[in-house]
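These are my notebook entries on a structure I looked up.

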Amino acid sequence: MNVQEVAAQYGEYLIEKRRYFHQHPEVSTKEYHTSKAIKEALDEIGVSWRPCGLETGVLVTIQGAKPGKTILLRGDMDALTVQETTGAPYASKNEGIMHACGHDCHIAMLLTATRILHDMKEELCGTVKLAFQPAEEVALGAKSMVEQGALDGVDACFAIHVWTDVKSGMVSLEAGPRMASADEFHITVKGKGCHGAQPERGVDAAVVTAAIINNLQSVISREISPMDPAVVTVGTIQAGTRWNVVAENSYMTGTTRCFSNEVWETFEERMERVIKGTAEAYRAEAELEYLRIVPPTVNDEAVVSIAQKSAVAVLGENCLASNPATTGGEDFSYFMQRVPGAIALLGTGNEACGAVWPNHSGNFCVDEEQLLKGAMLYAQVAMDFNAQ
């Protein structure tokens with residue numbers, strides 16, 4: 001008995017679950033109905049689970065009959081505040097909320113993988129933990145699951161994300177940086193207001209703001225290697241109150257992105273030095289509030305090597321695709337900071353079924369026929385890793 005043979009009986013089950021969760025999306029930290037439905041499905045399978053991760057996370061444990069390692073498989077389950085415009089018969093029933101990032105697919109694939117692994121317990125080595133994770137979109141769920149012991153005794157972790165930029169039937173599984181860090185910053189500038197006709201009597205916060213924005217780009221161009229991509233973006237600016245008044249204060253918000261943990265660790269210090277130094281040069285004051293949201297997602301070479309062989313075993317010889325890293329963030333990186341791991345991008349892009357829209361679009365949809373491949377990949381990676 002192999003994974004493909006066991007999975008063959010669960011194709012309809014997977015699609016049914018995916019469509020159910022798609023119709024009933026819930027936003028981050030509020031996945032109460034989703035969590036309840038997952039627990040009911042797990043009870044039907046007959047596996048052991050416990051609450052883990054905020055108020056809604058669920059951690060399953062399957063113990064194999066043979067000795068071996070322990071791997072954690074992750075599937076996230078929160079939706080987005082996006083109005084669905086697909087027109088699908090199973091479209092969201094919750095106004096203004098949609099599974100526009102494929103987490104409904106992840107839930108269904110992981111539930112199906114749970115069934116496969118439960119059926120194959122006698123051939124399974126070691127232990128498999130399956131993490132149904134809340135609040136990925138706000139980067140709270142993974143940290144909470146780690147804090148509540150999800151990784152206790154775990155040797156490696158593995159996740160899958162459906163991806164329409166990857167052709168259906170293919171999977172992108174590459175070592176090294178795959179997704180960027182995603183941090184948020186707030187900058188407050190304090191100057192001195194005065195009449196716009198007498199600027200020498202004040203300290204123009206608007207001018208200081210412009211200088212800070214320009215100087216922050218020198219962090220990228222002159223402090224970080226050009227071989228190590230990084231981004232500083234100021235997304236909002238508020239300055240001044242009237243057309244003929246020198247702005248006394250200003251406020252900026254923005255984001256940083258990078259693929260290196262070393263750069264991620266030093267971004268705040270570099271920015272603060274430039275911001276405060278620039279403000280001082282203009283006789284102003286400035287404060288930086290830097291919010292670390294997620295670190296870079298970096299695939300471990302050894303785990304990738306095993307997962308690539310698993311992919312070939314269940315998807316076929318020519319299933320591996322090359323896909324560039326993305327500057328989007330993923331809180332699975334918090335698991336990967338503690339244990340080696342990998343995230344795979346499962347190809348679900350197919351013009352024939354309209355699966356051409358990017359994640360977070362109201363038109364986002366996937367080639368459902370590929371989802372059973374994701375469930376098989378979850379299960380095969382667990383079987384192969386634990387037997388090493």
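What joins the side chains of Asp-76 and His-103? I found a polar contact of 3.2 Å between them; I take a polar contact as a pair of N or O atoms within 3.5 Å, where within protein one must be able to donate a hydrogen and the other to accept it, and residues adjacent in sequence count only if both atoms are side-chain atoms.

Notes on the source. The model is predicted: local features need pLDDT of at least 70, side-chain atom pairs count only at pLDDT 80 or more, and totals for chains, interfaces and linings use all residues. Residues are numbered from 1 along each chain as its sequence is written, and side-chain values use heavy atoms, with hydrogens and water left out.

Entry on Asp-76. I located Asp-76 in strand E3 (residues 66–76); strands (E, at least two residues) and helices (H or I, at least four) are DSSP runs, numbered from the N terminus. Asp-76 is buried at a relative accessible area of 0%, where buried means under 20%, exposed over 50% and partly exposed in between (1.4 Å probe, protein chains only). The side chain of Asp-76 also has a polar contact of 2.6 Å with that of His-106. Leaving aside neighbours within four places in sequence, I listed the contacts (heavy atoms within 4.5 Å) of Asp-76, among them Gln-133, Glu-136 and Glu-330.

Entry on the cores. I looked up the largest nonpolar core, which has 68 residues; such a core is a set of buried Ala, Val, Leu, Ile, Met, Phe, Trp, Tyr and Cys residues joined through side-chain atoms within 4.5 Å. Leu-73, Leu-117, Phe-132 and Phe-158 have the most contacts inside this core. Its largest share, eleven residues, comes from helix H10 (residues 371–386). A second, separate core of 27 residues includes Val-203, Ile-224, Val-232 and Trp-264. Beyond four places in sequence, I noted that Phe-132 is in contact with residues including Ile-38, Leu-42, Met-77 and Met-145.

Entry on Gln-308. I placed Gln-308 in helix H8 (residues 301–315), and Gln-308 is partly exposed, with a relative accessible area of 27%. Not counting residues up to four places away in sequence, Gln-308 touches Leu-173 and Leu-320. Gln-308 and Glu-174 are 134 residues apart in sequence, and their C-alpha atoms are 8.4 Å apart in space.

Entry on Leu-54. I found Leu-54 in the loop between strand E1 (48–51) and strand E2 (58–63). Leu-54 counts as partly exposed, at 34% relative accessibility.
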